[in-house]
Every structure is written in C-alpha cells, then in structure tokens.
Amino acid sequence: MILAIALGLLSQHSQGDYQFKSRSIGKDREQIALALATEFTLQELYGDLEERIETFEGDFIYHKLQEFGTSASSLNPYERKLLDRLLSDYNPLN
C-alpha cells in the first residue's frame, strides 16, 4: 500500500480520503489496507502496481519512496519500518 501511494496509484483527495481510479477507499492507511485485502474489486490495484514496478527503474521507485517518507509524517511505527525496508530494497547502492 505504501508503494502504491508513493508511485501514484493511490491519491489523496482534498477532503483527506484516498482514492483509486476516482473511487474512495478510505481516510487512513489502515482502512486502505483492509479494503485492499478484502475487496475483490480492488485486486486490479495489485496488477497495476506490479506493472509499474516492472516498468520503472529502481532509482525512480527509490526516489518516490523517499519523497513519500518525507511528506508522510503520520506513519505509525509499523509503516515506518515497512518504508525503511522498501527503501533498503530499492536503494541503488545495494
């Protein structure tokens, strides 16, 4: 989910809710994670995410994750740990 937000598949509407293809899926990342895990109609997000990961260079993904980490000050400890792991995975120096 963090990677989907960082790569622009999920966007945050001006009223605070997150959207996927103009469909509201929740106001916080916990709601989004639950929706993505349980709603079959949102499974297409995973296909889109996989496509972007395969298309984009690792450096670009790393940069987008850094941008997200800088702008998302409300990350809980679990999300921060997940972001750190993604940054490590996509770090061009690794």
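Leaving aside neighbours within four places in sequence, which residues is D17 in contact with? The answer is S11, Q12, S24, G26 and K27, where contact means heavy atoms within 4.5 Å. This is a predicted model, in which local features need pLDDT of at least 70 and side-chain atom pairs count only at pLDDT 80 or more, while totals for chains, interfaces and linings use all residues. Residues are numbered from 1 along each chain as its sequence is written, and side-chain values use heavy atoms, with hydrogens and water left out.

**The sheet and the helix across it**

- Three strands make up an open sheet in the order β1-β2-β3, and the pairing is antiparallel. Two strands pair if DSSP finds at least two bridges between them.
- The edges belong to β1 (11–12) and β3 (23–26); each has a single partner strand, so one side of each has no neighbour in the sheet.
- Strands and helices here are DSSP runs numbered from the N terminus: E of at least two residues for strands, H or I of at least four for helices.
- β2 (residues 18–20) is joined to β3 by three bridges, and the two run antiparallel. Across that pairing, F20 sits opposite R23 in β3.
- Helix α2 (residues 29–38) lies across β2 and β3, at about 110° to β3. That angle is taken between N-to-C directions on a scale from 0 to 180 degrees, with axes as lines fitted to C-alpha atoms, for helices over the stretch in contact.

- You'll find D17 in the loop between β1 and β2.
- D17 is buried but has no salt bridge. Buried means under 20% relative accessible area, exposed is over 50%, and partly exposed is in between (1.4 Å probe, protein chains only).
- For charge, Lys and Arg count as positive and Asp and Glu as negative, with His and the chain ends not counted.
- What D17 does have is a side-chain to side-chain polar contact with S24, at 2.7 Å. A polar contact is a pair of N or O atoms within 3.5 Å; within protein, one must be able to donate a hydrogen and the other to accept it, and residues adjacent in sequence count only if both atoms are side-chain atoms.

**Salt bridges**

- Side chains of opposite charge can pair when their charged atoms come close.
- The count is three salt bridges, each being a side-chain nitrogen of Lys or Arg within 4 Å of a carboxyl oxygen of Asp or Glu.
- E44 pairs with K21, the closest N and O atoms being 2.9 Å apart. This links distant parts of the chain: E44 is in helix α3, K21 in the loop between β2 and β3, 23 residues apart.
- D48 also forms a salt bridge with K21, at 3.4 Å from N to O. That pair is 27 residues apart, with D48 in helix α3.
- K21 is exposed at 53% relative accessible area, whereas E44 is partly exposed at 39% and D48 is partly exposed at 22%.
- E67 and K64 form a salt bridge too, with closest N and O atoms 3.4 Å apart. They're three residues apart in helix α4 (residues 58–71), so about one helical turn separates them.
- E67 is partly exposed at 37%, and K64 is partly exposed at 23%. Through shared partners, salt bridges join K21, E44 and D48 into one network.

**G47 in helix α3**

- G47 is in helix α3 (residues 44–55) and is partly exposed, at 36% relative accessibility.
- From G47 to I25 is 22 residues in sequence and 17 Å in space, C-alpha to C-alpha.
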